[in-house]
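Student: Could you walk me through how to read the side-chain pairs and the sheet here? I would like the general idea of each feature, then the case itself.

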Amino acid sequence: VSQSRYGSVGIEWECLELDEHAFISRLILPHARKSSSLFHPNEIYRVAQHYTQAFSNTPKAPNRKIWIHRSEKSRRALLNEGEGLRLIQNLGFEPIVFEELPMKEQIQLMQETKILAGLHGAGLTNLIFLPKGATVLEFMPEDFAAYGHPFTFRNLASVASIQYAVSGMETHAKKTKWTPPQKTGAEVRLKIINADRQLDLNKLKRALQCVLD
């Protein structure tokens, strides 16, 4: 992951064989601690246990592959969503609109899930109900990292003992030119963050295949 202080970020998820090596000129990793000001392992565990026990779920073995699908009312629309969904389903992922399910069903679904994938957004919070050792794959607009706040779900996955992977999601042709946060008003930043996006199908396929292997 290469990055200037406030420039756009190129995020790639590459799947390497065990005997292969990757040589990277510059690598910057977001800092994630087991305990932080945002998340504490004991509290995350307590919340997850409270709800799973309250609903008395008896989930099946965790082998489902779930794609967090956004409802038509959502912001940040995908301009080529139809093509993306066909690819996702061809790889065995089930697109689920979480807000259409009662909370009990959402939690049971998560407990039956082996791989959870989706776009950067609040829906990924459901990862706290995944079984330990499951994988979450986040697709992130590549220039979000310029604002220094996009790795919330990496931290959350860390304290919940969930494997985490991230991939860029946009074609280079659709990249938005960002300005430094201190020079951009809140209204402009919100407009850019909620802009429509063009999903790069090659990146989508490559990242999903990597977590499937």
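Tutor: Gladly, and we can begin with pairing: two strands pair if DSSP finds at least two bridges between them. Helices (H or I, at least four residues) and strands (E, at least two) are themselves DSSP runs, numbered from the N terminus. Keep in mind that this is a predicted model, where local features need pLDDT of at least 70 and side-chain atom pairs count only at pLDDT 80 or more, while totals for chains, interfaces and linings use all residues. Residues are numbered from 1 along each chain as its sequence is written, and side-chain values use heavy atoms, with hydrogens and water left out.

Student: In what order do the five strands lie in the sheet?

Tutor: The order is S2-S1-S3-S4-S5, in an open sheet with parallel pairing. S2 and S5 are the edge strands, each pairing on one side only. On average, neighbouring strands are turned by 25° against each other, direction ignored. For such angles, axes are lines fitted to C-alpha atoms, for helices over the stretch in contact, and angles run from 0 to 180 degrees between N-to-C directions.

Student: Over how many bridges do S3 and S4 pair?

Tutor: Five, in the parallel sense. One place to look is Gly118, whose bridge partner in S4 is Glu138. S4 and S5 also pair in the parallel sense, over six bridges, and there Phe139 stands opposite Ser167 in S5.

Student: Which strands does H3 touch where it packs on the sheet?

Tutor: Contact means heavy atoms within 4.5 Å. H3 touches S1, S2 and S3, and its direction makes about 115° with that of S3. Helix H6 (residues 201-212) packs on the sheet as well, touching S1, S3, S4 and S5, with its direction at about 165° to that of S4.

Student: Why is strand S5 described as largely enclosed by the rest of the structure?

Tutor: Buried means under 20% relative accessible area, exposed over 50%, and partly exposed in between (1.4 Å probe, protein chains only). Five of the six residues of S5 (residues 163-168) are buried, so the strand is largely enclosed.

Student: Now the charged pairs. How many salt bridges does a search of the whole structure find?

Tutor: Side chains of opposite charge can pair when their charged atoms come close. The cut-off for a salt bridge is a side-chain nitrogen of Lys or Arg within 4 Å of a carboxyl oxygen of Asp or Glu. The search finds three. One of them joins Glu43 and Arg46, with the closest N and O atoms 2.9 Å apart. Both residues lie in helix H1 (residues 41-55), three residues apart, about one turn of the helix. Glu43 is partly exposed at 41% relative accessible area, and Arg46 is partly exposed at 49%.

Student: Which residue does Glu94 meet in a salt bridge?

Tutor: Its partner is Arg64, at 2.6 Å from N to O. Glu94 sits in strand S2 (residues 94-96) and Arg64 in strand S1 (residues 64-68), so the pair ties together parts that are 30 residues apart in sequence. Glu94 is partly exposed at 28%, as is Arg64 at 25%.

Arg64 also forms a salt bridge with Glu112, the closest N and O atoms being 3.2 Å apart. Glu112 is in the loop between helix H3 (103-111) and strand S3 (113-119), so this pair ties together parts 48 residues apart in sequence. Glu112 is buried, at 7% relative accessibility. Through shared partners, Arg64, Glu94 and Glu112 join into one network.

Student: And how many aromatic pairs does the search find?

Tutor: A pair of aromatic rings is described by the distance of the centres and the angle of the planes. Rings of Phe, Tyr and Trp (its six-membered ring) pair if their centres lie within 6.5 Å; planes under 30 degrees apart count as stacked, over 60 as edge-to-face and the rest as tilted. There are two aromatic pairs in the whole structure. Tyr51 and Phe129 are edge-to-face, 6.5 Å centre to centre with 90° between the planes. Tyr51 lies in helix H1 and Phe129 in the loop between S3 and strand S4 (135-140), so the pair ties together parts 78 residues apart in sequence. Tyr51 is partly exposed at 30%, whereas Phe129 is buried at 10%.

The rings of Trp67 and Phe139 have their centres 5.6 Å apart and their planes at 50°, so that pair is tilted. Trp67 lies in strand S1 and Phe139 in strand S4, so parts 72 residues apart in sequence are tied together. Trp67 is buried at 3%, and Phe139 is buried at 0%.
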